[in-house]
Amino acid sequence: MRLWVLLSLLLLQDALPHVIGQSAKNKHPKEPGENKIRPVNKKVKPKGPKMKERESADSSSKSQSILMQVMDKGRFQKLAATLSLSAGQSIELRCKGSNVTWSYPSYLDTFKDSRLSLKQLDRYGQLILTNSTAADTGEYSCWLQQCNGNKCRKDETKTGSTYIFFTDKEELFVPTPSYFEIVYLNPDKPAVIPCRVTTPSAKVTLHREFPAEEIETDGTNIIYDVKKGFVYQHPTSDHKGIVYCKAESQGAPQISIKYHLLYVEVPKGPPSTTIVASSNRAEVRDGVHVICTVLGEPDVDVNFSWQYPGQESERPVIIQNFWRLINRGTGHTTRISKSVLVIEDFEARDAGNYICMAQNLQGETTVATEVELN
């Protein structure tokens, strides 16, 4: 009896796992991949920081890419540092923002070119240039203005810029309005020979007219920048003279306009000013003129203003301003600027102090002289 019970228990123990396994199988058939980690587990991964990183990257991208080109069928393209188009093509640029300012080659403003159209819409600024030419080659940029009342400033975090080459095999050099340009060589700043090209792959060399020779570009003292031209990093008086550029690109070489390099050596600062009268004593009905003279750098403009005895009574006077370049004989060039105040019929009320104020970017100088009634 005990033996039979023991055998029954053994048989039941052996059959129980099989029955349980079979029941589990019938209750819930195993699906393929059931033992793999379910996607639900991904939800518990910390994604907050990654989202912030992505948002930060997107914000950085937007701040660098507010300038876009409008393509066909309403598509948009973010612009790289440079873009090459064939001359004759039209282009539309958009800059995101409600208060956009544009910058583009200055001659388009100088000649009030009707091919250029600027518009400000609700969400973006628009620049359209039609029937492009090689002369349109240059930097095109935009930025947002932040205004508080009447005061506005550039938002440095929201800008966009690209340099566009409008290629033309007949015009390897960007055309200029003149056939001859003066370039001033200042010992304390780089000088640029602006022979820019319309085809970035063109081979460009620099040449001296006399003695006829190619000027070596060593990449240190003289470099070539496709967006600027040849740059003299440390100009000296040895660089003065007449030069030109030569460009080659799958055809006959082309020559640029000529550039006259003048060496300058004038101390920077407020105008160096003198004043002198044709006579410091004058008779009634005499003609008197007072000359205010400034010696300065060739490329620095000087603004003149006057105070004189008959000014409050609106005494009629003639004021003429002019300037010219002079060569000091040592290879140095200087600019002489003059303002001449003329009184044709001297009267008693014209007697007194004549004050000349000369101003440049570095400051203002005031000089005076007295003219008495004789």
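Here is a short chat about the disulfides and a ring pair.

Tutor: Heads up: this is a predicted model, where local features need pLDDT of at least 70, side-chain atom pairs count only at pLDDT 80 or more, and totals for chains, interfaces and linings use all residues. Residues are numbered from 1 along each chain as its sequence is written, and side-chain values use heavy atoms, leaving out hydrogens and water.

Student: How far apart in sequence are the parts that Cys95 and Cys142 tie together?

Tutor: These two form a disulfide (a pair of cysteine sulfur atoms within 2.5 Å), with their sulfurs 2.2 Å apart. Cys95 sits in strand β4 and Cys142 in strand β8; strands are DSSP runs of E, at least two residues, numbered from the N terminus. So the link ties together parts that are 47 residues apart.

Student: Is the disulfide of Cys195 and Cys245 left-handed or right-handed?

Tutor: A disulfide joins Cys195 to Cys245, S to S 2.1 Å. Look at the torsion about the S-S bond: it's about -60°, so this disulfide is left-handed.

Student: Tyr224 and Phe230 form an aromatic pair, but of what kind?

Tutor: Rings of Phe, Tyr and Trp (its six-membered ring) pair if their centres lie within 6.5 Å; planes under 30 degrees apart count as stacked, over 60 as edge-to-face and the rest as tilted. Here the centres are 4.6 Å apart with 55° between the planes, so by those cut-offs the pair is tilted.

Note on methods
Helices (H or I, at least four residues) and strands (E, at least two) are DSSP runs, numbered from the N terminus.
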